[in-house]
Amino acid sequence: MLINPGDNILLDEPNFSGTMAAVRPRKFTLEPVRSRLGAELRPLGCNIIKVPSDEHGIIPKALKEILSRWKSDNNMHKPSNKIPKFLYTVPNGGNPSGSSLTAERKKEIYKLAQEYNFLIIEDDPYYFVQFEKIKAPSFLSMDVDGRVIRGDSFSKIISSGLRIGFITGPEPLIDRIIRHVESSTMQTSTFTQVLLVQLFKKWGHTGFLQHADRVSEFYKSQRDLMLAAADKWLTGLAEWYSPKAGLFLWFKIKGISDTYQMIMEKALERGVSLLPGRDFMIDCSEPSPFVRASFSYASAHQMDQGFQRLAELIKEETA
């Protein structure tokens with residue numbers, strides 16, 4: 001709907017591995033690079049531009065610096081130097097980083113979108129899994145000129161098996177999405193839609209929000225358990241920050257340039273299931289010292305035991 005061959009898109013790193021499968025390029029660079037893998041963007045021939053981020057999400061100053069190259073009229077005639085069509089980001093509890101954009105950063109990013117006239121795709125499945133009582137305002141709530149397409153999901157707060165979410169945005173774009181659905185999957189499962197409708201009729205708006213708050217509180221307690229286990233076993237061996245939303249703890253192992261073999265082979269042999277940072281990078285061939293742990297399901301004992309085993313493994317690897 002949005003991309004033609006040679007178009008540029010903006011993507012923050014690290015990012016969800018499912019997105020990476022569609023947009024991963026040939027090499028790691030700040031320059032536009034050709035998409036190599038995935039069935040969705042590969043045929044479209046788009047270029048991926050990586051935007052630096054930290055625990056508070058996309059860094060506006062870095063985004064502005066990247067966009068400033070289009071200030072030069074000398075570059076505008078080159079196909080590879082087209083102003084990016086859109087910025088894709090997960091603004092709350094990003095998978096894997098757990099980062100969440102602040103309201104101030106969102107305002108700065110939206111102003112840049114206006115200045116350079118690109119769209120923002122706000123993929124926000126963890127909106128209701130924010131751990132602060134006051135939720136951060138969305139890009140959609142700031143949108144005054146129809147440049148935000150927002151995706152929400154029920155998978156994190158009701159059931160992932162339902163495979164139901166919803167999209168909000170400018171009517172002309174939503175109409176195009178509806179046409180695409182009608183010509184591909186036809187529609188989301190009628191049975192699961194009926195289940196949700198009946199559930200919402202029973203809950204009402206207030207009941208739904210109360211349920212979402214209970215889910216958020218559960219995941220917050222899970223996060224605190226994982227942070228306690230990390231403090232106990234990984235202090236001095238790794239670096240991390242406390243996620244304000246989502247289901248993941250993202251940490252950097254000290255003294256190890258790439259965690260892939262350690263996590264995918266040696267950790268698994270010890271019964272510890274984690275994901276290496278490489279899987280979430282635009283260029284998966286580059287080494288990454290990061291690891292993603294999920295606190296969505298594991299018990300306090302499993303977290304404690306898992307991080308103890310991981311700590312022992314890190315010590316062996318760095319000895």
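This is a predicted model: local features need pLDDT of at least 70, side-chain atom pairs count only at pLDDT 80 or more; totals for chains, interfaces and linings use all residues.
Which residues is lysine 135 in contact with, leaving aside its neighbours within four places in sequence? Residues are numbered from 1 along each chain as its sequence is written, and side-chain values use heavy atoms, with hydrogens and water left out.

**View 1. Lysine 135 and its surroundings.** Beyond its neighbours within four places in sequence, lysine 135 is in contact (heavy atoms within 4.5 Å) with Tyr127, Phe128, Gln130 and Asp213. Lysine 135 lies in the loop between strand E7 (119–123) and helix H4 (139–142); helices (H or I, at least four residues) and strands (E, at least two) are DSSP runs, numbered from the N terminus. Its relative accessibility is 23%, so lysine 135 counts as partly exposed, a class between buried (under 20% relative accessible area) and exposed (over 50%), with a 1.4 Å probe and protein chains only. From C-alpha to C-alpha, lysine 135 is 9.6 Å from asparagine 92, although the two are 43 residues apart in sequence.

**View 2. The packing of helix H6 against helix H8.** Helix H6 (residues 190–233) and helix H8 (residues 300–318) pack at an angle of about 30°, and their axes are 9 Å apart. Axes are lines fitted to C-alpha atoms, for helices over the stretch in contact, and angles run from 0 to 180 degrees between N-to-C directions. H6 and H8 are therefore roughly parallel to each other, the term for angles under 35 degrees. On the H6 side, the contact is made by Gln222, Leu225, Met226, Ala229, Ala230, Lys232 and Trp233, which meet Ala300, Met303, Asp304, Phe307, Gln308 and Ala311 in H8. The residues of this contact divide into 9 nonpolar, 2 polar and 2 charged; Ala, Val, Leu, Ile, Met, Phe, Trp, Tyr, Cys and Pro count as nonpolar, Asp, Glu, Lys and Arg as charged, and the others, Gly among them, as polar.

**View 3. The packing of helix H2 against helix H3.** The axes of helix H2 (residues 60–67) and helix H3 (residues 103–116) come within 10 Å and cross at roughly 10°. That angle makes H2 roughly parallel to H3. Pro60, Leu63, Lys64 and Leu67 of H2 form the contact with Arg105, Glu108, Ile109, Leu112 and Tyr116 of H3. By class, this contact of H2 with H3 has 6 nonpolar, no polar and 3 charged residues.

Definitions and conventions: Angles under 35 degrees count as roughly parallel, over 145 as roughly antiparallel, 65 to 115 as roughly perpendicular and the rest as oblique.
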